[in-house]
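Me: Hi! Could you walk me through a bit of this model while I have it open?
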Amino acid sequence: MNILEIIDDFKKECACGKQHETAVKDVLIESGAVCRVGDILCKNNFSNNILLVADENTLKASNGIIESLGGFNVEYKIYEDLRVATMKEVDEIEKLIANKDVSVLSVGTGSLNDVCRLASATQNKKLCIFATAPSMDGFASYSAPIVNRGFKFSYPAKSPDVIIADTKILANAPKELKSAGFGDMIAKYVGLVDWQISALLTGEYYCEKIAKLTRDAVDELIKMADKVCLNDEYVAGKIFEALLKTGIGISFAQNSRPASGSEHVIAHLIECVELRDGIIPNFHGDDVGVCTLEMLKYYNFLAENEYIDTQNENVNWNDVYSFYNEMADEVRKLNFPENVIDDVDKDELKNKWGEIRKIIHSVPSYSECEAAMKKAGCKITVEDIGKDQKLFDDCVKYSPYMRKRLTLLRLRDMIKY
Ligand SMILES: [Zn+2]
Ligand SMILES: [Zn+2]
């Protein structure tokens with residue numbers, strides 16, 4: 001099934017009881033798609049006035065896109081190299097589209113798309129994303145991570161109406177970006193484990209069909225690990241498709257469970273600390289990939305225990321708040337008066353350990369994933385991603401408190417072996 005067929009298929013009644021929808025209406029992934037951008041916008045009733053947002057790298061990579069827009073009035077907002085999405089760029093784009101009949105065409109990945117997704121949402125404009133690299137899973141996302149006054153917040157934004165990718169351009173993307181995309185996909189194994197464990201222990205909503213969409217996408221990709229770094233249109237298209245499927249899975253589930261677990265939270269915390277310290281973060285998938293391996297190693301280690309003993313969670317909150325420092329208030333609100341552990345019964349955790357071990361073993365192991373990531377040219381160690389080991393360990397330790405979301409990592413304090 002291609003993506004549009006999947007979107008259609010999910011409109012049918014689902015065993016989970018939910019009606020699954022996404023705002024994405026049209027998707028085109030093919031060789032030479034760059035020449036068809038104008039036609040696709042026309043077909044989807046975009047305005048004749050287009051604001052094209054890109055940076056110098058992504059515009060250069062999209063050779064032919066300007067020509068394809070021949071029938072449109074195009075205004076350009078070209079950044080030099082947009083690595084961090086901040087409110088400044090969102091404001092700039094909002095001003096360019098406010099009170100006008102105009103649609104937005106975002107040419108790029110990550111931060112460029114994030115600022116466009118938020119600005120198009122606040123100004124209620126149509127949005128098309130033309131993806132230039134298969135580097136992360138946020139293309140279809142309906143929230144945008146934006147830095148505001150030094151902090152990164154996730155804002156409700158807009159899923160693009162249309163997503164276009166040219167496999168020739170994706171294949172030509174720097175191999176670091178493709179490897180990062182692969183790392184972001186391997187993370188789904190941890191995400192799926194965390195989601196199932198939470199459903200088992202707390203009754204949290206879980207949809208087998210959405211989980212399978214993610215699972216099949218990553219399983220298919222892991223088989224192609226040794227081809228990720230090649231300039232191969234088929235493989236680059238597959239990485240992109242896999243990232244898109246999990247992104248659309250997020251819309252279907254109306255939360256990011258199908259795509260992210262404890263590893264994404266750790267990577268997010270590292271990014272927050274780096275932004276605070278004025279450091280430009282790595283590619284999302286690089287940090288996420290290394291955090292994924294760290295979590296798989298830990299989860300595999302836990303699963304070696306056939307039986308466990310359990311106790312109530314015992315957190316030294318002063319310690320947690322002192323680590324979070326200026327973010328401590330936010331973290332407090334996420335844990336008091338109630339938190340994700342309230343719904344976990346320690347006896348149930350002990351009794352269901354056999355099932356939890358099965359869930360952990362249902363995904364490829366740490367060593368299998370590490371081997372695949374090496375083949376795919378991914379960063380593997382904490383040193384590879386240029387982090388201080390102490391900072392990394394602290395982020396692993398404290399990250400579970402920054403989300404209202406149960407993960408196996410958060411249960412660490414309750415497990416005795
Ligand atoms: Zn469902
Ligand atoms: Zn991700």
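Me: How many bridges join strand E2 to E4, and do they run parallel or antiparallel?
Reply: Four bridges join strand E2 (residues 49–55) to E4, and the two strands run parallel. Keep in mind that this is a predicted model.

Me: Thanks! Which residue stands opposite Leu105 of E4?
Reply: That would be Leu52, which faces Leu105 across the pairing.

Me: And how many bridges join E4 to strand E5?
Reply: Five bridges link E4 to E5 (residues 127–131), and these strands run parallel. For a residue to look at, Ser106 has Ile129 in E5 as its bridge partner.

Me: Nice. Switching to helices: at roughly what angle do the axes of H12 and H17 cross?
Reply: At roughly 160 degrees, with the axes of H12 (residues 284–303) and H17 (residues 366–375) coming within 9 Å. Angles over 145 degrees count as roughly antiparallel, so that is how H12 lies relative to H17.

Me: Is the crossing left-handed or right-handed?
Reply: Left-handed, as H12 passes H17.

Me: Which residues make the contact?
Reply: From H12, they are Gly289, Thr292, Leu293, Leu296, Lys297 and Asn300. H17 contributes Tyr366, Cys369, Glu370 and Met373.

Notes
Residues are numbered from 1 along each chain as its sequence is written. Chains are lettered from A and ligands numbered from 1 in the order in which they are written. This is a predicted model: local features need pLDDT of at least 70, side-chain atom pairs count only at pLDDT 80 or more; totals for chains, interfaces and linings use all residues. Two strands pair if DSSP finds at least two bridges between them. Axes are lines fitted to C-alpha atoms, for helices over the stretch in contact, and angles run from 0 to 180 degrees between N-to-C directions. Angles under 35 degrees count as roughly parallel, over 145 as roughly antiparallel, 65 to 115 as roughly perpendicular and the rest as oblique. A crossing is left-handed if the near helix is turned anticlockwise from the far one by less than a right angle, and right-handed if clockwise. Two residues are in contact if their C-beta atoms, placed from the backbone, lie within 7 Å.
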